[in-house]
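Student: I have just opened this one and would like to be walked through it slowly. Could we go through it piece by piece?

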Amino acid sequence: MTIVREIDVIPFRNRLKEIAIKIGMSLVNQTKIITAASELARNMLKYANGGNVTIEVVSKGRENGVRLVFVDEGPGIKDISLAMKDGYSTGKSLGLGLPGTKRLVSEFQIESEVGKGTKVTVTKWKNG
Amino acid sequence: MKNQSIKVLQGKKKHVLETWMKFQLSDESLREDLMSNEELRIQSEELLDAFLTNLKDDTIDDPKSSAFEAVVDILSGISISRAKQGFTPRETGIYIFSLKDALLNILQQEIKDPQELYVQSLKINKLIDSFGVVTFETFIKGREEVILRQTDEISEISTPVIRVWDGILALPIIGTLDSSRTQVVMESLLQEIVETGSSIAILDISGVPAVDSLVAQHLIKTVSATRLMGAECIISGIRPEIAQTVVHLGIDLSQVITKSSLASALRAAFQMLQLTVVKKQRVQSITE
Amino acid sequence: MEKIPILRMGDLLLVTIQVDLYDRLAETLESDLVLMIKKTGAQGVLIDISAVSIIDSFMGRIIGNIATMSKIMDAETVVVGMQPAVAITLVELGLPLNGVLSALNVERGMELLKGKIALKGASFEDDEDGYPE
Ligand SMILES: Nc1ncnc2c1ncn2[C@@H]1O[C@H](COP(=O)(O)OP(=O)(O)OP(=O)(O)O)[C@@H](O)[C@H]1O
Ligand SMILES: [Mg+2]
């Protein structure tokens with residue numbers, strides 16, 4: 001799904017919720033992954049003028065989960081470890097988005113190249 | 001037919017079954033308490049049937065052949081159910097390996113050429129060994145399922161939310177507070193707060209062996225979540241050694257209401273709800 | 001444009017959020033509410049979020065802002081009816097909304113606000129708006 005406007009986030013969240021319910025994810029975990037997705041979508045809008053996100057159902061052994069991949073062609077992040085720190089923000093904000101998202105999901109991966117763009121992959125297991 | 005053993009074993013099916021049963025029944029670890037001999041016989045016959053029917057020249061060297069699917073299915077079923085019934089790995093192993101003994105025993109009786117006997121025994125040996133591996137894999141899977149179920153049960157039992165007073169909940173935590181446990185605690189506590197409309201929750205940690213900075217973090221998270229819901233959270237059961245480690249580790253619990261015992265936490269809760277507990281006056285003292 | 005209604009109940013304002021808040025809507029609410037406090041001289045604001053299933057850092061910040069702004073304008077804010085899953089998520093996200101009062105439901109929220117307002121009245125007894133105890 002492409003996310004270029006603030007309004008695009010709502011159908012994306014709804015779609016994610018449908019899928020999370022379908023695989024039987026608990027309400028708390030649904031809430032966590034949707035909140036995390038919201039943060040990442042907002043970053044994409046705010047810093048990269050939008051981008052693309054894919055939702056995928058994944059499984060590991062007997063555990064199911066959802067994986068989200070956010071890809072944008074924005075300015076990229078110069079210092080990833082700094083961006084991952086609680087309270088670091090170039091947007092005069094709380095700087096909670098990235099580190100908070102990491103706490104909310106089961107697996108978190110970020111790749112970024114200055115001038116090229118950013119790719120964030122998160123996975124939430126049904127019971128994780 | 002290239003492999004002599006196939007004809008021999010298929011022809012002697014009844015004999016194989018008898019020998020196998022004899023071996024199984026003579027093993028001292030036989031669990032007649034868990035399964036009757038009759039059941040054992042039916043189970044064994046079914047498996048032997050599936051095995052011999054599908055034993056062919058093109059399958060004898062290939063335990064992964066789809067022809068043996070039925071065998072693997074039956075074996076896995078037996079293995080899983082045995083794991084759940086409480087059979088030991090040894091008892092489950094004896095089942096499949098005594099079949100091997102029986103098969104080799106018959107081959108030995110029937111094949112006269114030593115060279116051929118050796119080749120055929122080796123093939124049967126390999127085949128059954130790989131079924132043995134399947135047996136163990138599924139046995140362990142069966143046990144894992146049992147463990148998983150018990151883990152779920154324990155985490156449910158170990159986080160009871162008790163309604164101690166109208167508007168006051170207590171949650172005694174027993175054992176270590178790790179992050180998955182904290183999730184369970186938070187979920188059941190907050191759910192109960194909503195359901196009972198309670199405004200105070202007491203988290204008693206007398207049963208928590210040690211409080212390090214991670215456990216403290218989990219406690220603080222629980223307190224924060226409770227407050228977000230609009231209820232207050234008191235932590236009770238702070239033993240002296242816990243107070244010491246908390247201070248030595250530099251953990252900040254200043255935002256949290258702490259009490260040494262559940263009783264004093266309850267007293268504090270009464271105060272917050274503006275309740276007083278008074279001793280009933282003796283009937284005597286009134287009439288006097 | 002869609003708007004979140006603000007209800008006036010005596011000297012309290014009641015906001016019930018029932019739709020998924022996206023950014024512009026939340027920002028509009030923030031400015032509407034501040035204007036409304038000024039206009040009505042309300043002493044307390046009650047935000048009912050029992051129908052809200054997701055609060056991310058942006059929404060959380062708006063709620064925090066509303067509380068702080070009201071405070072400067074001498075009104076207390078109480079957030080009521082947060083769902084357990086939302087509370088757990090906010091804490092994990094790292095946004096415990098310190099400084100925002102909460103209550104279990106609208107009724108409790110009203111009690112809490114009335115208590116606060118009465119207290120304020122009591123400490124300024126000669127304040128003409130004061131509530132005599
Ligand atoms: N997709 C992106 N492209 C470019 N830079 C990004 C992207 N996402 C995050 N950043 C950078 O990483 C910093 C930290 O992001 P984070 O989401 O943690 O905080 P924030 O967005 O500034 O604040 P908050 O999320 O709390 O409102 C941002 O300030 C921005 O500089
Ligand atoms: Mg952000």
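**A walk through the chains**

Tutor: Let us begin with Gln43(B), which counts as buried because its relative accessibility is 15%, and keep in mind throughout that this is a predicted model.

Student: Where does Gln43(B) sit in chain B?

Tutor: Gln43(B) lies in helix α3 of chain B, which covers residues 37–53.

Student: And which residues is Gln43(B) in contact with, leaving aside its neighbours within four places in sequence?

Tutor: With those neighbours set aside, Gln43(B) is in contact with Met35(B), Ile78(B), Arg82(B) and Tyr95(B).

Student: Staying in chain B, is Gly207(B) buried or partly exposed?

Tutor: Gly207(B) counts as partly exposed, since its relative accessibility is 31%, and its place is in strand β3, residues 200–207 of chain B.

Student: What does Gly207(B) touch?

Tutor: Not counting residues up to four places away in sequence, Gly207(B) touches Ile173(B), Ile174(B) and Gly175(B). As for Val184(B), which is 23 residues apart from Gly207(B) along the chain, the C-alpha atoms of the two are separated by 17 Å.

Student: Which residues form a nonpolar patch on the surface?

Tutor: The patch is formed by Ile162(B), Val164(B), Trp165(B) and Leu275(B), and together these residues have about 330 Å² of accessible area. Leu275(B) belongs to the loop between α10 (262–272) and α11 (283–287) of chain B, and this residue counts as partly exposed because its relative accessibility is 35%.

Student: Change of topic: how much do chain A and chain C bury between them?

Tutor: Chain A and chain C bury about 1,900 Å² between them, and 59% of that area is on carbon and sulfur atoms. On the side of chain A, the residues that lose the most area to chain C are Glu6(A), Arg13(A) and Arg42(A), which together account for 27% of what that side buries.

Student: How many residues does each chain bring to the contact?

Tutor: The contact takes 21 residues from chain A and 20 residues from chain C.

Student: How many salt bridges does the rule find across that interface?

Tutor: The rule finds 1 salt bridge across the interface of chain A and chain C. Arg42(A) forms a salt bridge with Asp56(C), and the closest N and O atoms of this pair are 2.4 Å apart.

Student: Which elements of chain A give two or more residues to the side that touches chain C?

Tutor: Those elements are α1 (9–22), α2 (27–48) and α4 (97–104) of chain A, and α2(A) gives the most, with 9 residues.

Student: Now chain C by itself: how many helices and strands are there?

Tutor: Chain C has 4 helices and 5 strands, and from the N terminus on its elements run β-β-α-β-α-β-α-β-α. Of the 133 residues in chain C, 55% are buried.

Student: Is Glu76(C) buried or exposed?

Tutor: Glu76(C) is buried, because its relative accessible area is 15% and the cut-off for buried is under 20%. This residue is found in strand β4, residues 76–80 of chain C.

Student: What joins the side chains of Glu76(C) and Lys71(C)?

Tutor: A polar contact of 3.4 Å joins those two side chains. Leaving aside neighbours within four places in sequence, Glu76(C) is in contact with several residues, including Gln43(C), Val45(C), Leu101(C) and Lys116(C).

Conventions:
Residues are numbered from 1 along each chain as its sequence is written. Chains are lettered from A and ligands numbered from 1 in the order in which they are written. This is a predicted model: local features need pLDDT of at least 70, side-chain atom pairs count only at pLDDT 80 or more; totals for chains, interfaces and linings use all residues. Side-chain values use heavy atoms; hydrogens and water are left out. Patches are made of residues with over 30% relative accessible area and no salt bridge: like charges are joined within 9 Å, nonpolar side chains (Val, Leu, Ile, Met, Phe, Trp, Tyr) within 5 Å. Accessible areas come from the Shrake-Rupley method with a 1.4 Å probe; for residues, only the protein chains shown count as cover. A salt bridge is a side-chain nitrogen of Lys or Arg within 4 Å of a carboxyl oxygen of Asp or Glu. Buried means under 20% relative accessible area, exposed over 50%, partly exposed in between (1.4 Å probe, protein chains only). Contact means heavy atoms within 4.5 Å. Buried area is the accessible area (1.4 Å probe) that two parts lose on being put together, summed over both. A polar contact is a pair of N or O atoms within 3.5 Å; within protein, one must be able to donate a hydrogen and the other to accept it, and residues adjacent in sequence count only if both atoms are side-chain atoms.
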